[in-house]
Amino acid sequence: MPGNEKITPFFVFQFCMVVLAISVVVFRRGEWSSARWIGLAIAIPAAVLVFTARWQLGKSFSVTPQARALVSHGVYSKIRNPIYVFSALMLLGILIALQYRYVFLLLAVAIPVQTVRAHQEAKVLEARFGDEYRRYREGTWF
């Protein structure tokens, strides 16, 4: 069946971790405060966009910087690193919903780490695809 090569054990693991994180917010005891609603309103669409981007990346996904293909369709036509962007938004939404202020330190660490990873990936893609990647980069954000 076409598309099944995109469903890897790591994809399933990532999906389960996101469902678990959002479930913690949804099924957590306590009142449904505005922070909880706002957090979920940020986290759920961000999670959908993370997996949309992940699906569109397909076999080009890797944990380490690799240049298998230059993916420039779908959300990648506007954002070079949508998984990083939407993961950060999803994490922000979950943190808002849980209202554990000290956990925002996690986001303060995750964003610089993802930025460094994005720069490393850009170097690998530019080395492999050259002008094609530079043109793509000019028309996209982050």
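Predicted model: local features only at pLDDT ≥ 70, side-chain atom pairs only at ≥ 80, totals over all residues.

**The whole chain**

Begin by displaying the protein chain as a cartoon. Five helices and zero strands are present, and the pattern read along the sequence is α-α-α-α-α. The C-alpha trace spans about 55 × 35 × 25 Å along its principal axes. If the chain is coloured by accessibility, buried residues account for 38% of its 142 residues.

**The largest pocket**

Next, select Ile83, Tyr84, Ser87, Gln114 and Arg117. Among the 48 residues that line the largest pocket, these are the closest to its centre. The space in this pocket amounts to about 1100 Å³.

Now colour the helices separately. Which elements give two or more residues to the lining of the largest pocket? They are helix H1 (9-27), helix H2 (34-57), helix H3 (82-98), helix H4 (104-129) and helix H5 (131-138). H3 supplies the largest share of the lining, with eleven residues.

Colouring the lining by residue class gives a further view of the largest pocket: 34 of the lining residues are nonpolar, nine are polar and five are charged.

Switch to a surface display and select Phe10, Phe13, Met17, Leu20, Val24 and Val63. Together these residues make a nonpolar surface patch of about 540 Å². Within this selection, centre the view on Leu20, which is placed in helix H1. Is leucine 20 buried, exposed or partly exposed? Its relative accessible area is 48%, so leucine 20 counts as partly exposed.

Proceed to Gln99, in the loop between H3 and H4. Glutamine 99 is partly exposed, and its relative accessible area is 43%.

Finally, select Phe142, in the segment after H5. The phi of phenylalanine 142 is also positive, near 35 degrees, and this residue too is other than glycine. With a relative accessible area of 25%, phenylalanine 142 is partly exposed, because that class lies between the buried limit of under 20% and the exposed limit of over 50%.

Conventions:
Residues numbered from 1 in each chain as written. Heavy atoms only, no water. 1 Å grid on protein atoms, 1.4 Å probe; cavity = no way out; pocket = protein on both sides within 12 Å on 5 of 7 lines; lining within 4 Å. Points joined across faces, edges and corners; volume = space filled by probe spheres on them. Helix = DSSP H or I, 4+ residues; strand = E, 2+ residues; numbered from the N terminus. Nonpolar A, V, L, I, M, F, W, Y, C, P; charged D, E, K, R; others polar. Patch = residues over 30% accessible without salt bridge, like charges linked within 9 Å, V, L, I, M, F, W, Y side chains within 5 Å. Areas by Shrake-Rupley, 256 points an atom, 1.4 Å probe, with all protein chains shown as cover. Salt bridge = Lys/Arg side-chain N within 4 Å of Asp/Glu carboxyl O. Buried < 20%, exposed > 50% of the residue type's maximum accessible area, 1.4 Å probe, protein only.
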